[in-house]
Amino acid sequence: MTNPEGPMERSPMPQGPMERPGAEASEAIVDGAIDELVAGRATLEEVLARHPERREELAPLLEAALAMVELPRMAERAPDPERRAAFMATIAGTPQERPREGAGALPSRRLRWPMFGSPLARLVFANPFARLVTLAAPAAAIAAVAVAIVLGGGAAPATASTLTIFEGSVGRLEDGGWRPIEDGARLGEGERLRTSVDGHALLTFADGSTAALAPLTELEIARARFAGTREIELVQDLGSVWNDVAPGGTPIEYRVRTPDAVVAATGTTFETLVEGGETAVLTASGSVEVRRGDERVAVESGQAARVTDRVEVSDHPSSVRPAYLTVEGPFVASLRAADGAATGALPSGVVYQQIRGVTTTDPGEGPQVLRFLNVAPGRYELLLRRIADGAAGRLLVTTDAGTRAMPLTDLGPALVVRVEVTVRDGAVALALVEESAVRADVDTALERLVASARSEDAVPVSDRRAAAGDVATVEATSEATRPASDRPEVTATATPPDGAEATPADGADATPVATEPARALDELISAVRSGRDDAPLLVRRTLEGLGADDPMWGRLRELLASDGELRREFVAVLIRIDDAGFVEMVQERLGLVDATSEPTPSDGGSGDAASDATAEATRVGDG
Amino acid sequence: MVKRQHRTDDGADSLQRVRAEAGAGRPSSEGATASTEAAEAAELAQLVARSQQGDANAFGQLYDRYQPEIVRYLVYRTGDPEAAEDLAQQVFLKAWQAIPRYEDRGVPFKAWLYRMAHNQMVDHFRTRRPTSDLEGVEVAEEAEAEARVLAAETHERLQAALGRLSEDHREVLVLRFLMEKSAREAGEIMGRQEVTLRGLQMRALQALRREIELSGGLS
């Protein structure tokens with residue numbers, strides 16, 4: 001403890017803490033005890049002796065506190081002169097962000113990138129999704145947007161969206177000043193918002209589309225109309241917004257206008273980053289169009305675009321490799337972050353994606369797959385809701401180390417699994433711990449809000465699975481509940497590389513996944529459809545050892561013949577496999593005469609299957 | 001039991017002494033008079049105001065005053081002294097850019113810097129392997145002899161337990177125990193009321209205790 005002036009005053013110990021309500025009194029005692037222990041003014045025994053009636057309650061906590069006190073400390077040192085000189089040189093050429101007091105107050109010139117020594121430069125430039133280094137916003141562009149906002153009004157619904165504040169605070173521009181807004185506020189067109197330095201918030205629009213605002217984000221709801229059409233336009237001047245555009249029967253125009261570009265989407269998930277007038281876009285699912293002047297560039301799932309003088313698209317938007325959670329059995333999953341944001345689905349069929357860096361497939365279309373990419377490490381909670389009685393299921397965790405299964409044997413209506421997300425050696429790692437079989441009311445207010453907004457077009461997952469025959473679920477669940485002695489032999493589909501640390505869940509079944517044929521085919525299809533990075537590997541492992549007369553070939557051939565989109569995606573995956581002999585064999589057995597030139601039934605684009613397939617191969621290849 | 005010995009070096013203490021921030025710190029020490037505190041607060045306010053007008057030299061003085069502490073915090077949070085130095089540079093660059101927007105609405109300047117540092121640390125871990133909060137922290141010389149043999153394993157287990165806590169719990173423990181902030185200061189940094197922070201730190205200790213027990217204790 002560094003308190004050179006001498007002992008600290010006793011910290012705000014309450015007067016007569018025992019007269020206060022129990023919990024609050026304990027908190028005050030612990031608080032005072034921490035100060036004393038840290039300052040070395042008292043020992044653990046001395047503190048406990050003053051509160052004999054609470055000894056049993058306090059002792060374990062204060063022992064933990066004492067352990068913290070005994071941790072080693074580091075000394076502070078004055079800044080390194082070279083580092084300081086580099087810093088001062090940097091800020092000399094770096095503009096400041098002036099408060100918006102009208103467009104004329106904005107900086108009007110682009111300035112050069114700040115130049116640090118190499119370690120910091122690496123940090124700043126290594127990942128296009130690291131926060132952008134600030135350049136000055138072009139005043140003309142912002143002024144034009146401001147004019148458009150003023151003049152482009154019109155009749156707008158008064159309560160087009162609802163604000164949920166997860167953390168920190170959010171301000172609303174009123175009479176030239178920022179006034180704090182309450183959690184749950186209803187906001188209409190023309191509202192300008194700003195999150196605080198620790199502010200995390202979510203806008204939920206009337207159609208269920210959401211925009212998650214990161215700290216220090218400033219935007220305006222320029223348009224939000226839902227009468228006969230769906231039209232949402234956000235003007236984002238600063239910060240990061242994770243947009244989840246609700247699919248649905250009514251066509252939607254969802255635009256994010258930044259100082260440099262307009263990002264347009266029709267049903268997708270994407271992130272827009274703006275700092276000082278420079279824009280970056282990451283498409284997590286679906287596709288968006290980035291417009292700058294006359295230039296229009298499609299940014300597909302897994303791609304990034306950076307808008308400077310032009311739109312630059314990158315095929316490698318992340319420096320980390322993703323991880324996946326696949327839900328097998330009669331469950332739908334919803335992942336919740338500590339701040340309250342959620343990504344997942346409800347039994348009603350409503351799908352939502354509010355957590356930055358985490359996307360989900362629609363469980364009505366097959367086993368639900370959650371993909372973790374640029375996600376904040378930490379502790380999350382996966383809520384699994386049962387949609388059919390009786391059967392068990394499995395959670396598959398796919399990471400760099402392979403695929404592992406955690407059985408879901410609890411027969412209750414819902415189950416909570418703790419998910420620890422870390423980033424290790426450039427890859428996302430997931431660890432699972434089954435927590436409990438849950439409480440009665442599992443819905444959060446936020447889920448109810450989204451469910452209410454999106455329920456119009458939703459069809460219950462169980463209905464859609466039943467309509468589709470639900471082969472995967474039925475087989476997986478009957479498999480999981482069948483006595484072990486009746487099960488087919490289990491073999492691994494993925495084995496951790498030598499020396500690599502597998503990531504089995506704490507307490508989870510570390511048994512590698514079984515390759516029972518029907519399930520293996522389903523997993524393969526799921527990987528291809530969702531554009532998983534391990535799809536080429538999975539295709540190869542699943543098909544490589546099959547005999548020419550194996551029924552899986554016929555089943556796969558039928559699927560590809562009946563689903564043009566799947567066929568196109570499968571071809572794209574095939575192209576990524578660097579083994580000509582294997583690819584030829586697969587082409588022959590599946591009747592893909594020439595995967596690089598054969599027109600695909602549903603490409604609907606250039607008609608040039610080779611270029612389309614190549615484009616697809618690029619789209620899914622973000623690792 | 002033995003009362004805790006201070007284990008930071010003299011240089012650190014002298015820095016802390018110089019850097020005492022009026023109005024935002026723990027209760028006044030005996031040597032600090034109200035007038036001194038007021039003068040320091042006025043000096044700080046002036047440096048912030050000049051920085052807001054684009055005065056780089058004034059911001060340089062703020063850098064000198066707070067960079068060492070922010071680096072120390074980031075070392076505790078990242079476990080990587082080199083990364084902490086780089087992250088601190090980014091924090092101060094962002095602070096330079098954003099300081100015209102800074103308004104002291106109950107958030108002292110130092111707390112504002114801490115919040116930026118926290119956000120920078122979170123961004124850092126989005127793409128990098130997190131290490132235990134305290135890995136890489138060099139124990140001060142005088143502490144090494146005392147702690148090396150008996151405490152190393154205990155510290156390792158404690159660090160592992162800390163690593164399993166939620167972000168809020170880790171943050172409050174680092175601020176209270178390692179950065180030696182008062183409950184009020186920690187609350188300002190974390191954007192919580194003091195009374196809320198007391199509850200948070202209690203829950204953090206409970207969680208730490210649970211994690212320690214789950215891993216078989218510290219000894």
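Two strands pair if DSSP finds at least two bridges between them. The views below come from a predicted model.

**View 1. Strands β18 and β23 of chain A pair in the antiparallel sense.** Strand β18 covers residues 323-328, and strand β23 covers residues 368-372. The pairing runs over 5 bridges. In one of them, Tyr324(A) has Arg371(A) of β23 as its partner.

**View 2. An open sheet of chain A holds 5 strands.** Their order is β22-β23-β18-β25-β26, with antiparallel pairing. The edges belong to β22 (358-360) and β26 (402-408) of chain A. Each has a single partner strand, so one side of each lacks a neighbour in the sheet. On average, neighbouring strands of this sheet are turned by 15° against each other, direction ignored.

**View 3. The largest nonpolar core has 86 residues.** Leu74(B), Phe109(B), Trp112(B), Leu173(B) and Leu208(B) touch the most other members. Helix α3 (residues 56-78) of chain B gives the most to this core: 12 residues. Beyond four places away in sequence, Leu74(B) touches residues including Ala84(B), Leu87(B), Val91(B) and Met121(B). A second, separate core has 35 residues, among them Ile181(A), Val256(A), Ala261(A) and Val311(A).

**View 4. Confidence in chain A is lowest in helix α6 and highest in helix α2.** Helix α6 (residues 139-151) has a mean pLDDT of 24, whereas helix α2 (residues 44-49) reaches 92. Chain A averages 68, and 66% of its residues score at least 70. The pLDDT is below 50 over residues 100-158 of chain A. Beyond near neighbours in sequence, that stretch has 126 contacts in the model. Residues 595-623 of chain A also have a pLDDT below 50, with 52 such contacts.

Definitions and conventions:
Residues are numbered from 1 along each chain as its sequence is written. Chains are lettered from A and ligands numbered from 1 in the order in which they are written. This is a predicted model: local features need pLDDT of at least 70, side-chain atom pairs count only at pLDDT 80 or more; totals for chains, interfaces and linings use all residues. Side-chain values use heavy atoms; hydrogens and water are left out. Helices (H or I, at least four residues) and strands (E, at least two) are DSSP runs, numbered from the N terminus. Axes are lines fitted to C-alpha atoms, for helices over the stretch in contact, and angles run from 0 to 180 degrees between N-to-C directions. pLDDT is the predictor's confidence in each residue, from 0 to 100. Contact means heavy atoms within 4.5 Å. A nonpolar core is a set of buried Ala, Val, Leu, Ile, Met, Phe, Trp, Tyr and Cys residues joined through side-chain atoms within 4.5 Å. Buried means under 20% relative accessible area, exposed over 50%, partly exposed in between (1.4 Å probe, protein chains only).
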